[in-house]
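Here is a brief report on a two-chain model. Look at the sequence and the structure, then read on.

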Amino acid sequence: MFKDEPLHGREALRALLEADKAGWPEQRNEERSAIVQGDAVATEHRLTATTTAGRTAALDVLRIWDVADGRIAAIRTYADTAPLLEALAG
Amino acid sequence: MSHGAAHYEQLVHDYFAAVERGDLDAVLACFTEDAVFRVSYNPEPVVGREALRGFFAGVVERMRNRREVATRILVDGDRGISELVFDAETADGRPLHFENCNAYVFRDGLFAEVTVYGDSVTMKRQLGVG
């Protein structure tokens, strides 16, 4: 769900999203705020995700989106990943 | 009095510079009297300038050669964010390096709310406790 190193390109993103969906079949993002400056957007979310074993993690997430030509060119995600690891560990 | 984006961008730079210097009065001058300061991995927020003084005094004491550089600041009305690169050493000389992001709610030209989005897993790994 979160990676230390950036992924580049649609195919890498597809692989991430597929792995994400397989490992965390239930995900919900509750948007709490959004700010826009030029071609950059920052959003705050409450992310709730459930593992295939039924364990749930909840964490606050901040994402920064760079937009170019009407599409997402980059996303950077900031969050404390401890709740995800705890849910995976059971 | 309304304050624009340039004012709040400067406030962010002033805040990081004050934290780097360990200048607690200058740090606290960036916050409203009733400011709320949250860290993503701490369950309870720090509320009010006096509580913030104790919080930042602890931060200054535990970390030396602290350097925080805002790599990008976005401001939209009374909200903003700053991405930052943080380097420091623990009291026993262990190097720390984080890339965090702060979210801000501004009021009266100051920080009314700050939320630090950082990863406790990365921090504990670098501290050798996780």
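How many residues does the contact take from chain A, and how many from chain B? It takes 16 residues from chain A and 17 residues from chain B, where two residues are in contact if their C-beta atoms, placed from the backbone, lie within 7 Å.

This is a predicted model: local features need pLDDT of at least 70, side-chain atom pairs count only at pLDDT 80 or more, and totals for chains, interfaces and linings use all residues. Residues are numbered from 1 along each chain as its sequence is written, while chains are lettered from A and ligands numbered from 1 in the order in which they are written.

**The A side of the contact.** Five elements of chain A give two or more residues to the side that touches chain B: strands 1, 2, 3 and 4, and helix 2. Strand 1 of chain A gives the most, with four residues. Helices (H or I, at least four residues) and strands (E, at least two) are DSSP runs, numbered from the N terminus. By class, this side divides as follows.

| Class on the side of chain A that touches chain B | Residues |
|---|---|
| Nonpolar (Ala, Val, Leu, Ile, Met, Phe, Trp, Tyr, Cys, Pro) | ten residues |
| Polar (the others, Gly among them) | three residues |

Chain A has an open sheet of four strands in the order 1-2-3-4, with antiparallel pairing. Two strands pair if DSSP finds at least two bridges between them. Strand 1 and strand 4 of chain A each have a single partner strand, so one side of each is left without a neighbour in the sheet. Strands 2 and 3 of chain A pair over eleven bridges. One bridge joins A40(A) to D66(A) in strand 3 of chain A.

**The core.** The largest nonpolar core holds 39 residues. Such a core is a set of buried Ala, Val, Leu, Ile, Met, Phe, Trp, Tyr and Cys residues joined through C-beta atoms within 7 Å. L62(A), Y15(B), I81(B), F111(B) and Y117(B) touch the most other members. Helix 1 (residues 5-21) of chain B gives the most to this core, with six residues. Not counting residues up to four places away in sequence, L62(A) touches residues including Y78(A), I81(B) and Y117(B).

**W24(A).** This residue lies in the loop between helix 1 and strand 1 of chain A. W24(A) is buried because 20 other C-beta atoms lie within 10 Å; the cut-off for buried is 20 or more, with 12 or fewer for exposed and partly exposed in between.

**Confidence.** The mean pLDDT (the predictor's confidence in each residue, from 0 to 100) of chain A is 93.
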